[in-house]
Amino acid sequence: MHSTRPSRRPVVLVAAVAAVVAASLAGCGRHSDPNARAGDLPVDAEFAKKLQGQLLDAKPGTVVEIPAGRWHLDRGLSLRVNGVTIRGAGMEQTILSFREQVAGPEGLLAQASDFTIEGLTIEDTKGDALKINSGDNITIRNVRVRWTDGPKTSNGAYGLYPVKTNNVLIEGSQSFGAADAGIYVGQSRNVVVRNCRAEQNVAGIEIENTIDADVHDNVATGNTGGILVFNMPNLSQPGHSTRVFHNKVDANNLGNFGAKGTAVASVPAGSGIVVNSNSLVEIFDNDVTDNATANVIISSYFSTGYFSTKGTQPGYDPYPRGIAVHDNRFKGGGDSPDGMDLKVLKTAMFGLTGHFPDVLWDGYVDAARPNVPEERLCVDATASGVLNADGPNKYKNPRMVSDELRCKLAPLSPVTIRAVGAAASAASAASA
Amino acid sequence: MRLRLLSGLAALATLAFVASCARAPAPVAFIADGKPEHLSDWHLLNVTGGRLAPNAGVLPYDLVTPLFSDYAHKLRTVWMPAGVSANYSPDQAFDFPVGTILSKTFYYPRAGAADAVLKTYDAEPGAPAAGLDLSRVRLVETRVLVRRAAGWTVLPYVWNAEQTEAELQRTGDTKTLELVDAQGHGEKFTYVVPNENQCASCHVTNLRAGEFSPLGPKARNLNRTLAYAEGSENQIARWVRAGFLTGVPAGELPRAADWRDAQQPIAARARSYLDVNCAHCHQASATASNTSLRLDALGPADWSLGLCKPSVAAGKGTGDRIQDIVPGKPDESILPFRLASTEGGVMMPELGRTTVHQEGVQLIRDWIAAMPGHCDSNHSTKD
């Protein structure tokens with residue numbers, strides 16, 4: 001991939017004041033106790049049938065309101081109509097529990113554009129909690145997903161999971177316990193994730209194969225890895241241009257409970273912010289503290305252990321290029337890395353009581369394009385230093401490279417999410 | 001047209017004979033709008049004389065390799081109004097005209113008790129042409145796919161206990177049944193009737209376009225002989241003769257391998273099985289295109305078929321395996337692991353089954369075991 005910085009073209013959408021047809025479920029009768037314990041509780045069959053029926057009958061502009069209560073569903077919900085809003089009474093008030101789920105596997109699968117979901121909790125799904133597959137203009141606001149038994153490999157993979165989407169806003173939302181990534185945006189374009197909280201997931205927040213993303217003002221703590229920006233092979237697009245700023249990324253030291261073979265299973269416990277094989281990533285103004293492997297890791301797909309010639313689409317770029325780490329506030333971390341290789345490396349270089357510097361780099365570089373200025377890794381002095389771990393030579397000659405990387409890259413431009421509404425698809429269709 | 005009329009008369013005569021019923025059943029009704037509450041509103045299938053049988057002019061059909069649905073048997077039918085026909089396609093589902101009605105009735109041979117059903121591949125006597133003996137089978141649901149002016153509509157109907165009528169259940173349903181094998185061993189399972197959107201999650205093969213399409217009636221999967229009431233005939237030839245299909249080229253037509261036919265190459269059988277059971281989602285623009293795993297019969301046999309390909313979004317579905325298919329090593333491959341699971345979030349396909357298709361899993365395992373070569377990967381994962 002050639003790293004000219006592409007200008008961002010924010011998707012311009014017309015703010016729409018849609019005629020809203022409220023379709024309230026309140027007539028359903030039964031309100032269960034929101035504080036009831038999860039467990040062997042009855043399935044609200046009538047509620048589920050009515051709610052799924054409303055999702056089937058929804059028209060563009062429909063608002064499906066889900067009343068307060070802890071509702072038990074045994075089958076996943078699905079939506080395929082554009083322009084629909086699903087609204088709960090608040091994430092503490094409206095809880096959809098899928099503990100008894102027999103089919104799905106998602107809690108809610110939306111294959112729709114101009115979709116907004118807000119004010120509810122989805123918990124204990126067998127698979128992904130909220131998956132949005134192929135759609136434009138997606139808003140996820142004040143939605144909580146969680147697995148109430150805490151971190152377990154058998155939990156669903158993804159919490160909030162828009163994939164192959166454009167113009168996506170995730171805000172005020174939370175994920176707890178996802179066995180892959182809590183808040184995950186994949187193969188998408190023009191994305192903002194802000195004011196969210198991710199805790200006890202393998203990956204807290206992950207941006208994968210996505211173009212133009214801003215991840216800011218989030219809290220990622222107690223995950224295996226806090227915030228990840230990845231590019232995996234074989235997918236519909238390589239990602240680039242992600243800004244990670246003004247987040248709190250603290251003590252992501254949870255043992256990795258992802259199933260082997262998943263991309264995130266390669267992430268060592270104690271990873272703060274991780275860039276893998278992605279390009280044009282700007283990490284700044286974050287508080288990154290006490291992540292025991294390293295506060296920041298910059299790495300290549302070669303370090304995941306998943307590379308094979310046969311299994312990788314030709315043309316895939318496994319190198320991180322154009323990565324800037326500047327003006328962050330670091331504290332602690334690097335003192336207890338995960339995995340034998342890294343433990344040995346840390347002890348050999350810094351002693352038993354020492355610690356890695358704030359930035360750990362696996363050292364893979366594209367021999368075909370050495371020293372291209374805009375493809376450099378640049379780390380400023382707000383980080384305590386950069387260790388090139390010499391991954392290509394199995395960590396034989398690791399060395400501190402802080403001074404070599406005191407360069408600057410042009411800042412990336414902000415992502416703008418304009419508006420999401422029922423008329424947006426009509427507007428974008430008209431402009432197409 | 002004349003042929004259609006004749007065949008209709010022949011079917012009518014058969015029905016009259018079977019049912020000893022003097023009154024001719026009403027003709028098939030194409031209902032252009034709305035969601036009829038009863039299956040009988042369509043007059044596709046008649047319940048008479050203890051049998052469920054296709055109405056006059058309704059052709060039963062069968063597939064070379066069918067989708068696995070918890071060992072359910074399926075009575076499939078096609079009907080079109082007079083004067084219109086589908087356009088042949090060599091590789092996609094036929095382009096069906098407005099007015100087409102496809103139906104698929106899911107049933108099991110009974111194993112005694114009301115909810116006990118047989119796990120068997122043996123066909124019911126007379127099925128599909130002469131319909132089903134209702135004293136021998138447990139009807140579960142009939143899915144109606146109707147091609148209206150605005151596109152396809154899907155309507156799932158669930159049969160009543162008396163097997164006299166099926167009612168529309170747009171939000172799906174569940175039934176607890178017991179699957180009894182040849183040794184008399186029973187296994188309880190939940191049969192899940194999908195909701196309309198779940199129907200679409202397989203039948204919409206282009207997510208962005210959102211267009212619903214039939215899946216089974218493709219040339220390669222219809223190209224086989226069926227025992228019709230008036231004798232055996234190739235299904236595509238029969239459809240042409242019925243006026244249901246035009247544009248069929250002369251010469252050899254594509255034909256999928258029968259997944260159960262041990263005489264055919266195992267790779268062809270396995271690809272045919274994956275084509276029917278997985279490719280509605282796992283193809284270029286469909287639901288699972290985000291995984292880049294392409295399991296349709298037309299795709300190349302490279303990483304996109306899963307060869308040495310690491311998982312993308314499998315979560316616990318990897319079963320701690322690294323790659324979808326490791327040649328020669330079914331136990332190290334993700335694909336058979338997911339086929340052999342019934343756990344939500346692990347199992348594949350995600351919908352349409354709650355039991356394991358043992359014979360299907362075995363086929364895929366045998367195929368992988370027989371594959372030459374290896375993945376040249378550096379397998380070392382973190383400690």
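How many bridges join S24(A) to strand S27 (residues 359-361) of chain A, and do the two run parallel or antiparallel? I looked this up to open the notebook, and I found three bridges, with the strands running parallel. A reminder to myself before going on: this is a predicted model.

**Entry 1: around S24 of chain A**

I stayed with S24(A) for a while. Next I checked burial: S24(A) spans residues 294-299 and is mostly covered, with six of its six residues buried.

**Entry 2: chain A as a whole**

I counted elements next and got three helices and 30 strands for chain A. Of the 432 residues in this chain, 59% are buried. I also looked at contacts in chain A with a separation of 6 or more, and 68% of them are between residues 24 or more positions apart. The chain is divided into domain 1 (17-104) and domain 2 (127-412). I have the C-alpha centres of these two domains of chain A at 34 Å apart.

**Entry 3: the nonpolar core**

Which residues have the most contacts inside the largest nonpolar core? My list reads A:Leu130, A:Leu160, A:Ile183, A:Val193, A:Val296, A:Val359 and B:Tyr107, in a core of 206 residues. Leaving out residues up to four places away in sequence, A:Val193 touches A:Ile170, A:Ile183, A:Val185, A:Ile205, A:Val215 and A:Asn218.

**Entry 4: where chain A meets chain B**

I found 49 residues of chain A in contact with 50 residues of chain B. On the chain A side, the elements giving two or more residues are helix H1 (45-57), strand S4 (75-79), strand S7 (103-110), strand S9 (130-146) and S10. H1(A) gives the largest share of that side, four residues. I sorted the chain A side by class as well, and it has 16 nonpolar, 25 polar and eight charged residues.

**Entry 5: helix H2 of chain B**

What covers the buried residues of H2(B)? I find that the cover includes H1 and S4 of chain A, together with strand S10 (151-159), strand S14 (204-206) and strand S15 (211-212) of chain B. The helix itself runs over residues 196-203 and is mostly covered, with seven of its eight residues buried. I wrote the buried ones down as B:Glu196, B:Asn197, B:Gln198, B:Cys199, B:Ala200, B:Ser201 and B:Cys202.

**Entry 6: a sheet in chain B**

Here I traced an open sheet of six strands in the order S3-S4-S6-S9-S10-S11, with antiparallel pairing. Strand S3 (59-61) and strand S11 (166-168) of chain B are at the edges with a single partner strand each, so one side of each has no neighbour in the sheet. The twist from one strand to the next averages 30°. I then zoomed in on strand S9 (residues 137-148) of chain B, which is joined to S10(B) by eight bridges and runs antiparallel to it. Within this part of the sheet, B:Arg147 stands opposite B:Trp152 in S10(B).

I went looking for exceptions.

- A:Asn167 is not a glycine, yet its phi is positive at about 60°. This residue lies in strand S10 (residues 160-171) of chain A, and I noted it as buried, with 29 other C-beta atoms within 10 Å.
- A:Tyr395 also has a positive phi, near 65°. I placed A:Tyr395 in the loop between strand S29 (386-388) and strand S30 (399-400) of chain A, where it is partly exposed, with 17 other C-beta atoms within 10 Å.
- From B:Ala127 to B:Pro128 the peptide bond is cis, with omega near 0°. B:Pro128 sits in the loop between strand S7 (116-118) and strand S8 (132-133) of chain B.
- From B:Met348 to B:Pro349 I found another cis peptide bond, with omega near -10°. B:Pro349 is in the loop between helix H6 (334-339) and helix H7 (358-369) of chain B.

Terms used:
Residues are numbered from 1 along each chain as its sequence is written. Chains are lettered from A and ligands numbered from 1 in the order in which they are written. This is a predicted model: local features need pLDDT of at least 70, side-chain atom pairs count only at pLDDT 80 or more; totals for chains, interfaces and linings use all residues. A residue is buried if 20 or more other C-beta atoms lie within 10 Å of its own, exposed if 12 or fewer, and partly exposed in between; C-beta atoms are placed from the backbone. Two residues are in contact if their C-beta atoms, placed from the backbone, lie within 7 Å. Ala, Val, Leu, Ile, Met, Phe, Trp, Tyr, Cys and Pro count as nonpolar, Asp, Glu, Lys and Arg as charged, and the others, Gly among them, as polar. A nonpolar core is a set of buried Ala, Val, Leu, Ile, Met, Phe, Trp, Tyr and Cys residues joined through C-beta atoms within 7 Å. Domain bounds come from an automatic or database domain assignment. Two strands pair if DSSP finds at least two bridges between them. Axes are lines fitted to C-alpha atoms, for helices over the stretch in contact, and angles run from 0 to 180 degrees between N-to-C directions.
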